[in-house]
Amino acid sequence: MFSLRADDEVDLELAEEHHAQVIFDLTDRSREHLGAWMPWVPATVTVADTLGFLKFVRAEYAAGRQFHANLRYRGEVVGAIGLRINRPNLTCEMGYWIGAGHEGRGIVTRGARALTSAAFRDLGLNRVEIRAGTRNARSRAVPERLGFTFEGVLREHEKVGERFLDHAVYSMLAADWAG
């Protein structure tokens with residue numbers, strides 16, 4: 001099993017099928033918190049839904065197209081973080097979420113720092129991109145804290161529920177990453 005230690009409190013571990021119950025439970029407890037920004041939340045109504053997603057991302061990982069990890073804080077699964085990889089262009093898009101009640105400790109920022117370093121160092125990628133809803137201040141704060149460059153806004157980029165969200169786009173290039 002792949003794991004990546006961000007620091008003494010935060011670890012990333014490859015999400016596997018046997019994690020389905022704990023990930024579903026965290027999603028279910030955080031449904032209102034996550035549902036404002038994540039379009040997949042309403043469709044995640046059973047552990048089987050989470051298991052199906054985990055099987056999909058494991059196949060994508062095996063094909064080298066995706067990496068999806070549990071975000072652990074002091075050993076507890078508190079969220080997820082991952083990369084969608086575009087190997088021909090040596091780029092990826094990072095996504096993340098954290099359960100209700102776990103915000104404000106820098107967990108996502110620490111995980112994103114470690115994963116960005118791994119994307120450049122271990123995967124040989126040239127660009128890491130992060131997109132976040134323009135009104136999602138906490139999510140936008142992650143790339144801003146890490147020194148990513150704000151590139152602009154994708155208007156009505158994602159449908160969440162009955163509304164369209166604009167996305168702020170941030171990027172980091174390997175040549176600019178200080179780690």
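This is a predicted model: local features need pLDDT of at least 70, side-chain atom pairs count only at pLDDT 80 or more; totals for chains, interfaces and linings use all residues.
Local features were considered at pLDDT of at least 70 and side-chain atom pairs at pLDDT 80 or more, whereas totals for chains, interfaces and linings use all residues. Residues are numbered from 1 along each chain as its sequence is written, and side-chain values rest on heavy atoms, with hydrogens and water left out.

Across the whole structure, 14 salt bridges were found (a side-chain nitrogen of Lys or Arg within 4 Å of a carboxyl oxygen of Asp or Glu). One of these pairs Arg-74 with Glu-9, with 2.5 Å between the closest N and O atoms. Arg-74 is in the loop between strand 3 (66-73) and strand 4 (76-86), and Glu-9 in the loop between strand 1 (3-5) and strand 2 (10-14), so this contact ties together parts 65 residues apart in sequence. Helices (H or I, at least four residues) and strands (E, at least two) are DSSP runs numbered from the N terminus. Arg-74 is exposed at 60% relative accessibility, while Glu-9 is partly exposed at 22%; buried denotes under 20% relative accessible area, exposed over 50%, and partly exposed the range in between (1.4 Å probe, protein chains only).

A salt bridge also joins Arg-72 and Glu-13, at an N to O distance of 2.6 Å. Because Arg-72 belongs to strand 3 and Glu-13 to strand 2, the pair links parts 59 residues apart in sequence. Glu-13 is buried, at 8% relative accessibility. Arg-58 and Glu-16 form a further salt bridge, at 3.2 Å from N to O. Arg-58 lies in helix 3 (residues 47-62) and Glu-16 in the loop between strand 2 and helix 1 (20-29), so parts 42 residues apart in sequence are tied together. Shared partners connect Asp-7, Glu-9, Arg-74 and Arg-110 into one salt-bridge network.

The largest pocket has a volume of about 900 Å³. Its lining comprises 32 residues, of which Met-38, Trp-40, Arg-84, Gly-95 and Tyr-96 are the closest to the centre. A pocket is an open set of points on a 1 Å grid over the protein atoms alone, where a 1.4 Å probe fits, with protein on both sides within 12 Å along at least five of seven lines; lining residues have an atom within 4 Å of a point. Volume is the space filled by probe spheres set on the points, which are joined across faces, edges and corners.

The second largest pocket has a volume of about 370 Å³. Among its 20 lining residues, Ile-98, Glu-103, Val-108, Arg-138 and Ser-139 are the closest to its centre. Helix 5 supplies the largest share of this lining, four residues.
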